[in-house]
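Let's take a look at how side chains pack inside a protein model. Here is the structure to keep open while you read.

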Amino acid sequence: MPTLPLIASCSPETVIARRGTEHISARRFVQQAMRLAGQLPAGAQLLNLCEDRHHFAVGLAAGLIAGRSTLLPPTQAPEVLRRVYAFAAPLVALGDRPEAPAVLAQLGCPWLSLQSAQDAAGTDAAHDGDMPQIEAQAPAVVIFTSGSTGAPVPHVKSFGQLVSAARIQMTRLPAHDASAGYALLGTVPAQHMFGLESTVILPLQSGGVLCAERPFFPADIAAALRALPRPRALVSTPVHLRALLDGGAALPALDLVLCATATLSESLAREVETRCGTQLVEIFGSTETGQIASRRTAHERAWHLWPEVRLRCVEDQWWAQGGHVRTPTPLADVFEPLDEAHFILHGRSADLVNVAGKRSSLAHLSQQLLGIAGVLDGAFFVHEPARGSITGVSRLAALVVAPGLTREKILEALRQRIDAVFLPRPLWLVPRLPRNATGKLPREALQMLAAQLAAGSCGSDA
């Protein structure tokens, strides 16, 4: 069976990961992974809950070396962990904390803390041999959908699929003069498909540097970026980028920004490029397919497919296949093909709405809302009680974070931007939106908050 190296060609002393001022060489990384692989209980797959990206990568590498699949849950919510455990027990869980989450302890799931196991001095296993080779077709990860439109669904990815996608992604990144790859800092969790591909697999396969931290506050992101060598890159989401620009922190020059997980507006892309003196590349993909296209959003509307990936429509359902997408895979989006390798994205099929015979998408309407001065965050959604309306008309609602603005001012600004039939009824002002770690808004969380607001238990609609 064909194999691939765990890490792309590099010398044993090449720095492949950083945690603050600590530099981790390829030799040390492999030593840590091999030591952990030797500690794994027989027959168990891995549940990787590490938030430190270096620990996460060591755990993933240990599973690959030992021939074990690694399960990646979308959140650490107790109910999600129960479902994941039931799906693939027996499991051994890996994490940064000394003790396992309570739900895993109740389930009797063994726990290995990488904080103590990997940071202890003098505990690395001896390894001076060749780079470990990993079977390309063997299952590497079982990654779960975010659950933003329902219960998380598992999808298996082989190491070969992950490496193949990363190699294509490398060709879509701006060229630079340095001999090393990008140092990549991510605000997205490694358990998410975009985070896995762009903050773990990409640096390990491109000669880049993996950054352990996942900073949240704008000042912490800016400080972490300033500490990185050039060329340096930020891997983030539209929501995180908007918060970063609005956070007031002085941002260093960047050589690259990678963005995914939600619709990115052209205006935000341009602002990022201007403020950071950089190029922003937006990635399109899904948990089911992995990354399959990219574009320079500040300068183009069309997406460029990965070379071997093709889209086709069968009975109003779009499918992707080719390259690392081994089998025909349904997509939850609506496309306008321009030619075999380019397309325009019109949004998710579930986001399309029809009001009074006029069509739009929730993503487009939300972008118009976010374009209003003073709106910090906001989203349109279909108000769940209206789905059963005998008229068949969608009832749109919106949640808005806009200190200093009234409901009336926001609606008046929306009238200048969208057709009046799409004005949200109701529009609620809230202190924050229930976004998850990747900036998405789970449908269940939206409907729950809307129900609370409608009942008058929290928030304001005036």
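Start with the rings: the model has eight aromatic pairs, where rings of Phe, Tyr and Trp (its six-membered ring) pair if their centres lie within 6.5 Å. Planes under 30 degrees apart count as stacked, over 60 as edge-to-face and the rest as tilted. This is a predicted model, where local features need pLDDT of at least 70 and side-chain atom pairs count only at pLDDT 80 or more, while totals for chains, interfaces and linings use all residues. Residues are numbered from 1 along each chain as its sequence is written, and side-chain values use heavy atoms, with hydrogens and water left out.

**Aromatic pairs**

- F216 and F217 have ring centres 5.1 Å apart and planes at 85°, so they make an edge-to-face pair.
- Both of these residues, F216 and F217, are exposed (exposed means over 50% relative accessible area, buried under 20%, and partly exposed in between, using a 1.4 Å probe and protein chains only).
- W303 and F343 are stacked, because their ring centres are 6.3 Å apart and their planes sit at 10°.
- W303 belongs to strand 17 (residues 303–305) and F343 to strand 22 (residues 342–348), so this pair ties together parts 40 residues apart in sequence. Helices (H or I, at least four residues) and strands (E, at least two) are DSSP runs, numbered from the N terminus.
- W303 is buried, with a relative accessible area of 2%, and F343 is buried too, at 1%.
- Ring pairs also join F284, W303, W318, F335 and F343 into a cluster.

**Helix 10**

- In helix 10 (residues 266–276), the buried residues are L268, A269, V272, E273 and C276.
- Looking down the helix 10 axis, these buried residues fall within an arc of 135°, so they line one face of the helix (the arc is that of the directions from the helix axis to the C-beta atoms).
- S267 and T274, on the other side of helix 10, are exposed.

**Nonpolar cores**

- The largest nonpolar core has 43 residues (a core is a set of buried Ala, Val, Leu, Ile, Met, Phe, Trp, Tyr and Cys residues joined through side-chain atoms within 4.5 Å).
- F29, F56, L60, L196 and V200 have the most contacts inside this core, with contact meaning heavy atoms within 4.5 Å.
- Helix 2 gives the most to this core, with seven residues.
- Apart from this core lies another, of 27 residues, among them V188, A233, I283 and A320.
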